[in-house]
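Subject: Structure handover and notes

Dear colleague,

I am passing on the structure we spoke about, with my notes placed after it. Please read the notes with the structure open beside them.

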Amino acid sequence: MRWTQALLNTLRDAPQDAEIISHKLMIRAGMLRKLGGGLYTYMPLGIRALRKVEAIVREEMERAGAQETLFPILQPAELWKQSGRWETMGPGMFRLKDRKDAWYVLAPTAEEAFTALAKNEISSYRQLPCIIYQMQDKFRDEIRPRFGLIRGKEFLMKDAYSFDADEAGADVSYKKMYDAYVRIFKRVGLNVTPVEADTGDIGGNFSHEFMVFAASGEDGILSCDACGYAANQERAERIASPLPYTEIAGVAEEVATPDQHACEEVAKFSGTPVNQIVKSLVMLADKKPVMVLVPGDRELNPLKLRRLLNGAKIEEADEATVLQVAGPCGSIGPVGVTLSVYADLALKGVADVVVGANKEGYHLQHVALDRDATVIAYEDLVTVTEGDICPKCGKPLVIRRGTEVGQCFKLGTKYSEAFNATYLDETGAPRILTMGCYGIGVSRTLQAIVEQSNDENGIIWPAAVAPYQVALLILDPDNPEVVQKAEQLAEALESKGIDVFIDDRAERPGVKFKDADLIGFPVRVVAGAKGFAKGGFEVRRRTEKESTIVAPEVAAETVQSLLA
RNA sequence: CGGACCGUAGCGCAGCCUGGUAGCGCGUUUGCUUGGGGUGCAAAAGGUCUCGGGUUCAAAUCCCGACGGUCCGACCA
């Protein structure tokens with residue numbers, strides 16, 4: 001491709017809505033243009049890079065035995081009603097009506113459609129295991145689209161679904177996909193870390209997320225450098241360090257704490273350490289109020305409460321409910337309430353803590369939880385933060401920011417039961433299919449690569465996904481000899497299957513260098529009269545400072561070796 | 001959905017407070033110049049100042065509303 005024929009404009013300034021480096025660079029390098037909030041157009045260079053990522057994903061899916069399909073994006077609401085997600089997906093799902101007033105959704109994911117297909121097409125154990133996938137746009141009505149392709153309303157996702165005879169088979173499929181993911185991210189040049197994750201709304205009981213560490217990441221990941229444990233903050237566990245307040249200091253007594261509500265306020269007011277105050281929260285578990293106690297300096301992780309209460313839907317109680325079952329908000333505590341009370345493990349055995357008195361303006365001090373209240377269970381219930389103790393090896397955890405580029409779920413039979421997707425086993429008995437699902441945000445992966453691989457001059461594309469592998473800069477486009485040699489080299493490279501982008505513009509050299517760096521071609525070849533006077537083309541990797549002179553006869557091979 | 005800010009040429013911005021001929025840089029076009037890390041000079045094209053209403057002799061500027069965007073928070077396969 002020649003620049004003078006390409007639809008390619010680089011920008012000196014990034015649009016002001018681009019916040020993170022990868023978004024700025026992809027716009028500036030002319031790969032992406034914004035169509036609307038969370039909606040981006042791929043320019044010729046951008047789509048080439050995306051197609052290369054896609055190709056790698058396809059190859060590895062096929063290698064893992066998955067078969068490609070393609071489902072409609074526009075799906076009848078009935079499918080979603082059958083799984084229950086028409087209700088549970090909420091406003092994040094685009095819904096629309098056709099002219100006959102029938103409801104449709106723009107698929108945000110495709111468990112329903114795949115399961116419905118499996119119900120019809122899979123009828124025998126002989127067909128198992130079966131893994132099918134598609135590469136298709138997905139739609140989500142994001143509250144706040146941002147960061148370009150990282151969080152858009154429309155994005156390209158590879159989604160795969162496995163169907164197995166039983167749990168053991170599903171484990172094998174899960175492992176196959178997990179391994180394929182590791183290979184995919186390695187091949188596209190992305191450093192990812194698989195972390196344990198919560199299963200979220202999609203359901204199921206086991207999950208890994210593939211995270212790319214980045215300062216701009218929207219998720220917190222706790223990891224242990226000692227043993228390699230890594231988990232999403234939503235799910236991370238810890239060994240609770242017991243609090244020191246285990247000596248009985250007296251009977252529980254009221255102290256006046258006028259206008260002091262938040263634990264920090266009470267602590268400051270009374271001169272007590274914050275973690276000696278117990279934070280009491282009233283939550284609704286399937287609409288039924290329960291009380292949860294955590295140390296005053298910690299946050300409840302509702303997902304952990306949900307797990308403890310067998311998957312009950314957890315919501316915060318409104319003020320009126322709190323007043324009715326305990327006391328005025330900000331002054332509540334577990335003493336004397338008739339609610340079920342659950343407490344964080346760190347509170348086990350505490351005998352001298354401060355809790356709300358269920359009376360405006362008063363707290364109770366010297367409270368011994370087991371003496372003065374009834375706690376049903378002590379469990380790990382707080383959101384893990386940096387410095388907490390690794391559940392695997394006992395060393396402190398560190399927290400990093402990350403972006404999720406892929407996820408594997410074991411779904412069990414949630415969807416196959418909803419759709420009654422069964423097969424006949426060896427004995428002729430119908431059995432329910434066991435499922436897994438596996439997603440990769442392909443467009444997000446593309447931008448994550450840029451986020452991870454750039455310098456002050458621009459993008460540094462890994463050769464496997466670069467829109468073109470080689471930039472060939474003709475510095476003297478008016479010099480026929482230079483042009484001729486450059487064209488010969490371009491032909492030689494293309495015959496080796498190497499993509500070449502020729503900068504044949506009548507621009508000054510500096511402009512071409514800057515643009516080649518910005519776009520990030522892995523290898524740059526300069527064709528100019530000065531270079532030829534020194535013996536040939538000047539060749540260098542994007543990551544190198546100095547070029548080397550290479551004779552025209554061997555230039556193609558040298559370039560090829562640099563790309564390997 | 002709560003709080004803050006913004007909307008002026010393809011991109012980045014000034015002008016608005018104090019109403020009176022719509023500007024600058026980059027990019028684009030033409031000519032000359034230059035020719036190895038975003039040359040220099042000159043000329044030119046390009047705008048319903050987001051939209052609607054109001055105030056006024058007069059609105060990019062003041063007021064009201066809508067829409068769009070950004071940031072913080074909440075939320076989020």
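The notes below go from the whole chain to single features.

This is a predicted model, in which local features need pLDDT of at least 70 and side-chain atom pairs count only at pLDDT 80 or more, while totals for chains, interfaces and linings use all residues. Residues are numbered from 1 along each chain as its sequence is written, and chains are lettered from A and ligands numbered from 1 in the order in which they are written.

The C-alpha atoms of chain A occupy a box of roughly 95 × 65 × 50 Å along the principal axes, and the secondary structure of the chain amounts to 16 helices and 31 strands (DSSP runs numbered from the N terminus, helices being H or I of at least four residues and strands E of at least two). Of its 564 residues, 44% count as buried, where buried stands for 20 or more other C-beta atoms within 10 Å of a residue's own, exposed for 12 or fewer, and partly exposed for values in between, with C-beta atoms placed from the backbone.

Around RNA strand B there are 39 residues, of which Pro-15, Gly-37, Pro-509, Gly-510 and Gly-528 come nearest; a residue is near a strand if its C-beta atom, placed from the backbone, lies within 6 Å of it. The elements that give two or more residues to this surface are strand 24 (434-441), helix 14 (509-519) and helix 15 (529-533), and helix 14 supplies the largest share, eight residues. By class, the surface has 13 nonpolar, 13 polar and 13 charged residues (Ala, Val, Leu, Ile, Met, Phe, Trp, Tyr, Cys and Pro count as nonpolar, Asp, Glu, Lys and Arg as charged, and the others, Gly among them, as polar).

Strand 11 (residues 219-223) has two partners to note. With strand 21 (residues 398-412) it pairs in the antiparallel sense over five bridges, and there Asp-219 stands opposite Gly-402; pairing requires that DSSP finds at least two bridges between the strands. With strand 12 (residues 230-232) strand 11 also runs antiparallel, joined by three bridges, and Leu-222 stands opposite Ala-231. Strands 11 and 12 form a hairpin with six residues between them, and Gly-228 in the turn has a positive phi of about 90 degrees.

Helix 13 (residues 480-495) and helix 16 (residues 552-563) pack at an angle of about 40 degrees with their axes 9 Å apart; axes are lines fitted to C-alpha atoms, for helices over the stretch in contact, and angles run from 0 to 180 degrees between N-to-C directions. That makes helix 13 oblique to helix 16, since angles under 35 degrees count as roughly parallel, over 145 as roughly antiparallel, 65 to 115 as roughly perpendicular and the rest as oblique.

Some backbone details deserve a look. The peptide bond from Leu-128 to Pro-129 is cis, with omega near -5 degrees, and Pro-129 lies in the loop between helix 5 (111-121) and strand 7 (130-139). Asp-286, in the loop between strand 14 (278-285) and strand 15 (288-295), has a positive phi near 50 degrees without being a glycine, and Asp-286 is exposed, with 12 other C-beta atoms within 10 Å. Asn-420, likewise not a glycine, has a positive phi of about 50 degrees and sits in the loop between helix 11 (414-418) and strand 22 (422-424).

With best regards
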